[in-house]
Amino acid sequence: MSGAEVLFRDRVDAGRRLASLLAGYEAEGPFVLALPRGGVPVGAEISRRLRAPLDVLIARKLGAPGQPELGIGAVAQGGALVLNERIVRALGLSGEHVRRAAEGELREVERRLRLLRGDRPEPEVAGRTVILADDGLATGATARAAVLALRQRVPRRLVLAVPVCPPRTADLLRPEVDELVVLATPADFYAVGSYYEDFEQVGDEEVIRLLEAARAQEGRPGPGFA
């Protein structure tokens, strides 16, 4: 058992609490993008409360050779890449190794996009307020890659919304977005799941179900739908 204080019952609870803080954005007709898989139940609650469209944005960690849990960076759909240069240098990794690792993860990004979204086109977010949601951040590498990918699509405003992350990660990401909305930044940060009573893995079937439910919601009137 960790010494972390449980803050959320589950991802739905965390999403509802975030949605309360984000309610002021409803009038802007925002678009909610969630990082799968765990971010989708969080994003779905924000989408529901703000009557906003929901979709996914996929980012993948780049693992170190022989140490897949040690992240050397991350990639996101569209080719966005961020690196932890300190770890890359410490491990003596070549540019060629990083390139191959990034290409492999981007192929997986495309595979997962087809699985989760099917043949639907990328949502048009240029000029829109975009809320990027996840269930929590540790190093923040995947979120940074996702933010970079979104910046390339020129949203009017980019808001990153997460239930919990370390203070250092919050400080790293805050300058990269227009607003960071985070419910808790524990000084003695444990794993993200330590702050949830129920942190059961979210399956692809659940992600698809939540996306389909959000699309059904788009048939109801609300400022988030043009």
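Among the contacts in the protein chain between residues at least 6 apart in sequence, 68% join residues at least 24 apart, where a contact means heavy atoms within 4.5 Å. The model is a predicted one, in which local features need pLDDT of at least 70 and side-chain atom pairs count only at pLDDT 80 or more, while totals for chains, interfaces and linings use all residues. Residues are numbered from 1 along each chain as its sequence is written, and side-chain values use heavy atoms, with hydrogens and water left out.

The protein chain contains 7 helices and 8 strands; these are DSSP runs, with helices (H or I) of at least four residues and strands (E) of at least two, numbered from the N terminus. For 226 residues, a compact globule would have a radius of gyration near 17 Å, and the 17 Å of the protein chain agrees with this; the radius is taken over C-alpha atoms, and the globule rule is 2.2 Å times the number of residues to the power 0.38. Of the 226 residues, 48% count as buried, a term that means under 20% relative accessible area, whereas exposed means over 50% and partly exposed lies in between (1.4 Å probe, protein chains only).

We can now turn to charge. The protein chain carries 31 positive and 32 negative side chains, counting Lys and Arg as positive and Asp and Glu as negative, and leaving out His and the chain ends. Side chains of opposite charge can pair when their charged atoms come close. A search of the whole structure finds 23 salt bridges, each being a side-chain nitrogen of Lys or Arg within 4 Å of a carboxyl oxygen of Asp or Glu.

One of these salt bridges joins Arg37 to Asp204, with the closest N and O atoms 3.3 Å apart. Arg37 lies in the loop between strand 1 (31-34) and helix 2 (39-50), and Asp204 lies in helix 7 (residues 204-217), so the pair ties together parts that are 167 residues apart in sequence. Arg37 is partly exposed, with a relative accessible area of 27%, whereas Asp204 is buried, at 18%.

Another salt bridge links Arg99 and Glu103, whose closest N and O atoms are 2.6 Å apart. Being 4 residues apart in helix 4, Arg99 and Glu103 are separated by about one helical turn. Arg99 is partly exposed at 37% relative accessibility, and Glu103 is partly exposed at 35%. Elsewhere, Asp55, Arg117, Glu122 and Arg153 are linked in a network of salt bridges.

Terms used
Charge placed at Lys NZ, Arg CZ, Asp CG, Glu CD.
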